[in-house]
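Please look over the contacts in the structure below. The report covers contacts inside one chain and between two chains.

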Amino acid sequence: MQISITVNGQQRTDEVEPRLLLAHYLREVCGLKATNIGCDTTSCGACTVIVDGLSVKSCTVLAAQADGGQVTTLEGLAGPDGEMHPVQQAFREEHGLQCGFCTPGMVMAAVGVLADNPDPTDREIREGLEGNLCRCTGYHNIVRAVRSAAQAGPAAGQVPQAQEVAR
Amino acid sequence: MSILGTRVVRTEDPLFLTRGATYTDDLADDRLVGALHATFVRSTVAHGRLLSVDASAALEAPGVVAVVTAEDVADLVPIPPPFPFVNRAMTRPWLASDRVRFVGDPIAVVLTEERYQGEDAAEMVAVDVDPLPAVVGTAAAASDEVLLFPEAGTNVMASFGQPAPADFFDGCEVVVTQPMVNQRVAPVPLESRAAAAAWGEDGRVTVWCTNQGAQQARGQFGDWLKMDPDLIHLITPDVGGGFGAKIGADPEYALIAWLARHVGRPVRWAENRSENLIGMLHGRAQDQVVTIGGRRDGTIEAYSLVVDQDCGSYPRIGTVLPTLTMLMASGVYGFPRVHAQARALATTTTSIGAYRGAGRPEATSALERAVDLFAAEIGMDPAEVRRKNLLPAFSEPHTTPMGATYDNGDYTTALDRALDAAGYAELRAEQARRRERGDARQLGIGMSVYVEITGADNGAGTGEAASLEVHPDGTATVLTGTSPHGQGHATAWAMIASDQLGIPVERITVVHGDTDRVPQGGGTMGSRSLQQGGAAVHQAAGELVELARQRAAEKLEVDPEDLVVDLGLAGLAVRGTPGTGVTFAELAGDEQLLVQTHFTAAAPTFPFGAHVVVVEVDVESGKAEVARLIAVDDAGTILNPLLAEGQRHGGYAQGVAQALLEEVLYDEDGNPTTSTLADYPFISATELPSFELVEMATPTPMNALGAKGIGEAGTIGATPAVQNAVIDAVAHLGVRHIDMPTTPMRVFRAVQQAQGGN
C-alpha cells in the first residue's frame, strides 16, 4: 500500500507492506537508524518518536497508521543550524547517556514529558519516563537531565517546526 | 591544572544525541549490500531427542534462500568446553542434531532476502522432538537422575575445593547456617545480539558483531571455525550495553560467518528481545549455604560458603565464576577460619555467563547476609558486628585465607562515612518509633561493606596495548585494546593523553574494536579498562614525550634535559625560555611521531566500599520501596568523576533490581516464563531513588594513574544492602531471611510465617 508521511519535515511517499511497523519503516525505508528497537512487547521505549505532537512507541504503530502524519525522530530534533535541542544538550551536560541505545527514545520521551508538564518534579519525571528503560545510567542522570532541560523553558517540550528542520 | 580528575563531558555524545550511534544492525556498509537475513529456529522444548527437522515447507516460502540444519554444518567441530577443567564430553553442537538441551537451543537457520520473511519461514520449519525430563535447578542436576550429556556420566561440569573439616566450627558459641538463593537474572543490554559477515575475494571474512572485545572474539572465531585469525577482520561497531553478557563471541556469531561462506553472500542477524532473553547468557544463578560462627561478643571466628552454580545447558564463563566467589568469600573481614567450596552443574536452561560483578556480588551477598544473620542471632547492631570484624586499615598487601592479595584498604572508614552520610542513629530512632507505633510502613536499614577484585587478569594475563600518534595537523590518535560500550573511553583515554601532551581532548580520536587496526587487546570486562588500557595510554603518552624530546633536542640543538613539556604549546619548550620550542605537530611533520606500547599491571586491584540502604516496607502488602541509597565506592584515583559516577549509578540500579525485582524463571518442564520484557521485571525509573554518593579515594600502587576498577562496584555493594534493608524492615516481626528477589509476595509470606500464620 502507499503511504505519505512527513518525516523530520520532509514529506515522502512510499509503497509498504500493510504490516510494516513504523519503527521498521523509519529504520529501513527512511534509513533513519537512530530509532532503535529494544524489545518486542512495547516495554522498553527505545523506539519512541513523536507523531503529530505525541511521543509514541514506533514499534507499536503500523507505518500505515502514520499515513498523513508528521513524525519527528531524534535526527529531526536539533535545530536547522545543528544546534542541539535543550533536551539533547541537557543529556550531554548531565551525562544522561552511556551506551546510547535507549537514548533516542529516551530523549524523545523526555520531550514528550516536558510538553505535558514544563516544570516536572523528579517524581513526575520518573513516572513520565516509566515506559522507557535504560540499563546503564540507573536513571539518576536522566532525571537530572530532564530537570535541567526544563530550565530552558517551553522550548524543551517542543519539536522544531517541520519546515525548519534540516534535511 | 591537570585535566585529570575533572568532569569532562563526553566527546561521544553529540553524535549519539543527534544522529544516534551506529550499532551492528544499523550498519549500511557497502560490503553488506544484498545481505541475507538469518533467523534461527530454536527449540521450544527444554530437553528431548531431536527426531526430525523438516524444512520443505519453509523452503517454498517467499524470499527463502536456504534452510540450514545440523547436516549442513557437519564440517564444523562441536564447540568444546571453554575451560580445561570442565568435563570434556560437554560439547556444544552448532545446530542440534540428536538432542536439544534448553528452550532456545538452535536447531536450524533460515536465510531470507528480507527480515520479515525470515520470521514467517522459521515458523514453517517442522521440528519433531521426543521430550525427556527437564533438569531445572541445581538439586535436580546434582541428583544425576537425568543427564544432559549421558556420555559425560554426570551433570557436574566442574568441582572446586573440598568440604570443610568436621571440626571447623568447634569452639564457636554461636553458629548460624542459612541456605540462600542468588537468583538467575538476565543482563538485558538494550541492544540485543547482532552480527553480520561478508567474505572478500581474498579469502578474508569481515565480521561485525556486538561484543566487549574484538580481539578475544576473533580468537574464538579462529578456534571454532579452524581458521587463521589473520583471515578474520572483526569489527565491533558501537555497542548498546554488555554487562558481561557480550564478552567474547557467541556461537551464533561464528555461524553467521560460516553461513555467509556457505551461501556465498553476506549474511546479517539481529535477534529480537524474546530470542535474546532465552538465547543470551544469563547471570548469577547460585544456590548457596552459608555457615557463620563466633562469640556472643560479636567476634566471628569461622565462615563457610558452599555454592552450587547453575551453569545452564552448555559450559560458558559461568562455569568458572564460582572460583571468583570462593576467592572473595571472606571479603572485608579478618575471620581466622574461612572455607569455600563449589560445584558447577548443567541444567536444561540458558547458559550462565558473566553479569556485572560476575562471581563477586554472589560472594558479597552471601557474606553480608551471613553477618546480618549472625548479628540478629546475638542481638547486636549489624554495624557494630561489622566494625568488630573488619580488617584494620592496611597500606601494604594483605593476603586472605582464600589466597587473594588485596593491594590496600580501609573498610572501617568506608563504613563510617556511609553511616554518617545516612544519619544512621537517627534512622534507627525513626525505625524504633515506627515499630513502637506498629506502622504499616516500616523502615528498614540495610548495609554492606565490600571488597572486590578488578583487573583480575593483571599480572597473569596479557596486559593491554596502546598506541599513540600525533599528526602534523595537531590532532592525535589513540589505539586501544579496550572495548567501550557506554563507559566513555573515547573521552577518558583522550583526557589521559591530553594531560601529558596538551592536545585538547576534542582533537584526540580513540580507536578500538577493529582487529586490523588493533590486533591485540583484552577488551572491556572485569572492571579492567582504566587500570590496564588507560594505564597503557598513560604510558604511551610518556613514551611519546620522550621520543619527541630526543627529536626536539636535535631540531633545536639543545640538551634533551633542558626541554620540558609546554601544555599550552602542545609541545616542548626550552626550560626557562618561554616561547622557544617546538610543537608535537611540527615534530610529526618532520617524521611520523608514533609510539606503540604495552602495559601489564603487577597484580589485580581491590576496590572497596560501603553501602547503606533505607527501604520502606508496607507490612500489609509486603511491598518494599527503596527510599535512599547511600554509597561509598573507593576505586582509587578518579579520572573523570562524571564517568565514574555514571558507572556507580548503573550498578546500583542493577543491584536494586536483583534485590527487589528481577528473576529469570522456568517452570518444572524447563519452559522459560520470563522471556519477554512484559514478563521480565526490568527495573524502571519509578522503582529507584536518586542516589547519594559519598567520596573516598585510596590510590592503588598497581598503576601510575592510581586507579582501581569502578564498573561493577554498584551491583556488588548495593545488592546485599537492599536485601538486608528489606529483611531489617520486618526483623522485629521475627523474620530472619528472605531470598532475592524480595518481592511483595515473598515479604508478605515471610511475615506471615514468622507470625505463626500460614
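This is a predicted model: local features need pLDDT of at least 70, side-chain atom pairs count only at pLDDT 80 or more; totals for chains, interfaces and linings use all residues.

## Domains of chain A

## Contact between the domains

Domain 1 of chain A puts 16 residues in contact with domain 2 of chain A, which answers with 13 residues. Two strands of chain A each supply at least two residues of the domain 1 side: strand S3 (48-51) and strand S4 (54-57). The largest share comes from S3(A), with 3 residues.

Of the residues of domain 1 of chain A that touch domain 2 of chain A, 8 are nonpolar and 8 are polar. None is charged.

## Contact between the chains

Chains A and B also meet. Here 41 residues of chain B are in contact with 41 residues of chain A. On the chain B side, the elements that give two or more residues are helix H1 (13-18), helix H7 (273-279) and helix H16 (641-660). H16(B) gives the most, 6 residues.

By class, the side of chain B that touches chain A holds 20 nonpolar, 15 polar and 6 charged residues.

## A note on interface size

The contacts above are counts of residues. Interface size is often given in another way, as the accessible area lost when the parts come together.

Terms used. Residues are numbered from 1 along each chain as its sequence is written. Chains are lettered from A and ligands numbered from 1 in the order in which they are written. Two residues are in contact if their C-beta atoms, placed from the backbone, lie within 7 Å. Helices (H or I, at least four residues) and strands (E, at least two) are DSSP runs, numbered from the N terminus. Ala, Val, Leu, Ile, Met, Phe, Trp, Tyr, Cys and Pro count as nonpolar, Asp, Glu, Lys and Arg as charged, and the others, Gly among them, as polar.
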